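Hi everyone, thanks for coming.

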Amino acid sequence: MIKMIAFDADDTLWENEVLYIKIQEQFVDILSPYGNKEEIFDHLLETETKNVPLYGYGIKSFGLSLIETAITTSKQQLPSAKIAEILDMIRYMLTYKLAVYEGVEETLQHLSKQYPLLMITKGDLLDQDLKVERSGLRKYFKGIEIVATKEESTYQEIMQRYQVAPQHFMMVGNSLRSDVLPVIALGGTGVYYENSVSWAHEHEIDPAHQVLTYQSIHHLTEVVALVETLNNQS
Ligand SMILES: [Mg+2]
């Protein structure tokens, strides 16, 4: 019996990765005198992955990785005017108009009448909070949890705090690694929203989680029927 439903935010409720892709394209253009596209992309992902334990997730962390990649790729030859361009790109990311996916608001509105809803999103506290504000979706959630990482222990702590047992907890998100598998491993219901855009970093899955089976949806509106079906079965 599902009693509480949690949602990831980036690329689940609103567009996010497309913005990163657009910014990365601009970044590659800036660095084109110093290397080819693939090398720069690989180097950036490597730098981001290396920096996450110290900088965490989020736009400012991404921005620092862009600058670091620019400096190393250009062997410190990139003019500071170009660094200023990168800083402008980061500022744009912090303020652009957020696009909530179609059907999301209606789905949350409907579900929030029957279930307490949580938003569980990974990233920088300020970035994510500003995004929640710009989305206009805050009113549908009992709680907004902005976390540094999404591991089993993260979900365990949240469930304990909201006093919900794993068998009554559902989490919906576009990352198997972060949103779906850790919740299933704890005995909860994990629903994979198969959004075609996802950050490469999210493709690496904990080997202990590879055997787990999960529910899939292709549109967020499907959550309504899925919860109903699951709750009628139990
Ligand atoms: Mg996501």
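Before the strands, a word on terms: two strands pair if DSSP finds at least two bridges between them. Helices (H or I, at least four residues) and strands (E, at least two) are DSSP runs, numbered from the N terminus. Also, this is a predicted model, where local features need pLDDT of at least 70, side-chain atom pairs count only at pLDDT 80 or more, and totals for chains, interfaces and linings use all residues. Residues are numbered from 1 along each chain as its sequence is written, and side-chain values use heavy atoms, with hydrogens and water left out.

Okay, strand S4, residues 169–173. Which strands does S4 pair with? On one hand there's S1, parallel, over four bridges, with Ala-6 opposite Met-171 in S4. On the other there's S5, residues 189–193, also parallel and over four bridges; here Met-171 has Gly-190 as its bridge partner.

How many of the S4 residues are buried? Five of five, where buried means under 20% relative accessible area, exposed over 50%, and partly exposed in between, using a 1.4 Å probe and protein chains only. In a regular strand, side chains alternate between the two faces of the sheet. In S4, both faces are covered: Phe-169, Met-171 and Gly-173 on one side, Met-170 and Val-172 on the other.

Next, the loops. Asp-11 sits between strand S1 (4–7) and helix H1 (17–31), and has a positive phi of about 65° without being a glycine. Lys-75, between helix H3 (59–73) and helix H4 (80–95), is another non-glycine with a positive phi, about 50°. Buried or exposed, these two? Asp-11 is buried because its relative accessible area is 4%, whereas Lys-75 is exposed, at 65%.

Last stop, the rings. They count as a pair if the centres of Phe, Tyr or Trp rings (for Trp, the six-membered one) lie within 6.5 Å; planes under 30 degrees apart are stacked, over 60 edge-to-face, and the rest tilted. There are four aromatic pairs here. One of them is Tyr-92 with Tyr-96, tilted, at 6.2 Å centre to centre and 40° between the planes. Tyr-92 is partly exposed at 36%, while Tyr-96 is buried at 11%.

Tyr-96 also has the charged end of Arg-134 over its ring, 5.3 Å from the centre. That label needs NZ of Lys or CZ of Arg within 6 Å of the ring centre and within 35 degrees of the ring normal. Lys-122 does likewise over Tyr-57, at 4.1 Å.
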